Amino acid sequence: MLARALLGGIAALTLVLSGAAPAGAAGASRCAGAETVPSNETERRHALKTILCLVNAERAERGRPALRRSSLLAGVAQRQSADMVRFQYVGHVNRRGQSIRTRVSRAGYPARHAGEAIGWTTGANRTAAGLMRRILVTAAHRRAIFGTRYRDIGVGLVLAAPVAGRPNGATLTLTLGRRR
């Protein structure tokens with residue numbers, strides 16, 4: 001585990017020193033408001049659209065088709081972000097013990113496949129681009145977002161941190177699915 005963490009740190013340092021763009025940066029210039037810090041409901045709603053734009057710009061860079069927005073998956077994503085903030089936890093299983101598969105099914109989405117990427121940050125990093133950079137740190141999140149398994153996406157964003165004592169936070173959930 002320590003070796004993996006060290007290798008990850010070395011890889012990140014190599015990217016910084018080489019001047020390479022970090023994951024999540026490809027679409028930032030193409031998606032309006034990517035570096036805007038949302039501070040009200042109107043800006044939060046715009047950030048949802050910007051995050052979807054960033055996801056699809058990154059997918060396009062990798063030769064993948066765009067994910068379609070699903071209102072059912074967006075509801076699942078929004079509820080998960082809100083639940084994590086309200087009850088101060090970070091996880092793919094909610095406080096009632098429901099997995100992503102269960103939550104998607106209960107929302108009425110007929111999933112053949114269901115997945116999720118979650119992340120949070122504070123301060124100036126709580127932009128759409130900053131949240132995407134945070135989520136893309138995790139290899140499993142990158143595989144889910146950029147793989148071929150999913151066709152649909154829902155984006156959920158709460159302008160608060162899921163950890164007590166961390167002001168000016170933002171919590172993001174991307175719920176991914178593929179219909180049967």
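Tutor: The buried residues of helix α6 pack against α2, β2, α5 and β4. This is a predicted model in which local features need pLDDT of at least 70 and side-chain atom pairs count only at pLDDT 80 or more, while totals for chains, interfaces and linings use all residues. Residues are numbered from 1 along each chain as its sequence is written, and side-chain values use heavy atoms, with hydrogens and water left out.

The residues of α6 that are buried (under 20% relative accessible area; exposed is over 50%, partly exposed in between; 1.4 Å probe, protein chains only) are His141, Ala144, Ile145 and Phe146. Helices (H or I, at least four residues) and strands (E, at least two) are DSSP runs numbered from the N terminus. On that basis the chain has 6 helices and 4 strands, in the order α-α-β-α-α-β-α-α-β-β.

Helix α2 is another partner of α6, and alanine 47 sits in it. Alanine 47 is buried, at a relative accessible area of 7%. Leaving aside residues up to four places away in sequence, alanine 47 touches Pro38, Ala128 and Leu157, where contact means heavy atoms within 4.5 Å. Cysteine 31, 16 residues from alanine 47 in sequence, lies 10.0 Å from it, C-alpha to C-alpha.

The loop between α2 and β1 (68-69) holds arginine 62. Glycine 147 is 85 residues from arginine 62 in sequence and 9.4 Å from it in space, C-alpha to C-alpha. Arginine 62 is partly exposed, with a relative accessible area of 36%. Its side chain meets that of glutamate 58 in a salt bridge (2.6 Å, N to O), a term for a side-chain nitrogen of Lys or Arg within 4 Å of a carboxyl oxygen of Asp or Glu. Glutamate 58 counts as buried, because its relative accessibility is 3%.

The chain has 10 salt bridges by this rule. One of them joins the side chains of arginine 68 and aspartate 152 (2.9 Å, N to O). That pair links distant parts of the chain, with arginine 68 in strand β1 and aspartate 152 in strand β3, 84 residues apart. Aspartate 152 is buried, at 4% relative accessibility. A network of salt bridges also links Glu41, Arg44 and Arg45.

Strand β2, a further partner of α6, contains arginine 112 and spans residues 111-122. Arginine 112 is partly exposed, with a relative accessible area of 47%. On the surface, Arg101, Arg112, Arg149, Arg151 and Arg180 gather in a patch of positive charge. Patches are made of residues with over 30% relative accessible area and no salt bridge, like charges being joined within 9 Å and nonpolar side chains (Val, Leu, Ile, Met, Phe, Trp, Tyr) within 5 Å. Lys and Arg count as positive and Asp and Glu as negative, with His and the chain ends not counted; the place of a charge is NZ of Lys, CZ of Arg, CG of Asp or CD of Glu.

For the chain as a whole, 46% of the 180 residues count as buried. Of the contacts between residues at least 6 apart in sequence, 70% join residues at least 24 apart.

Conventions: Areas by Shrake-Rupley, 256 points an atom, 1.4 Å probe, with all protein chains shown as cover.
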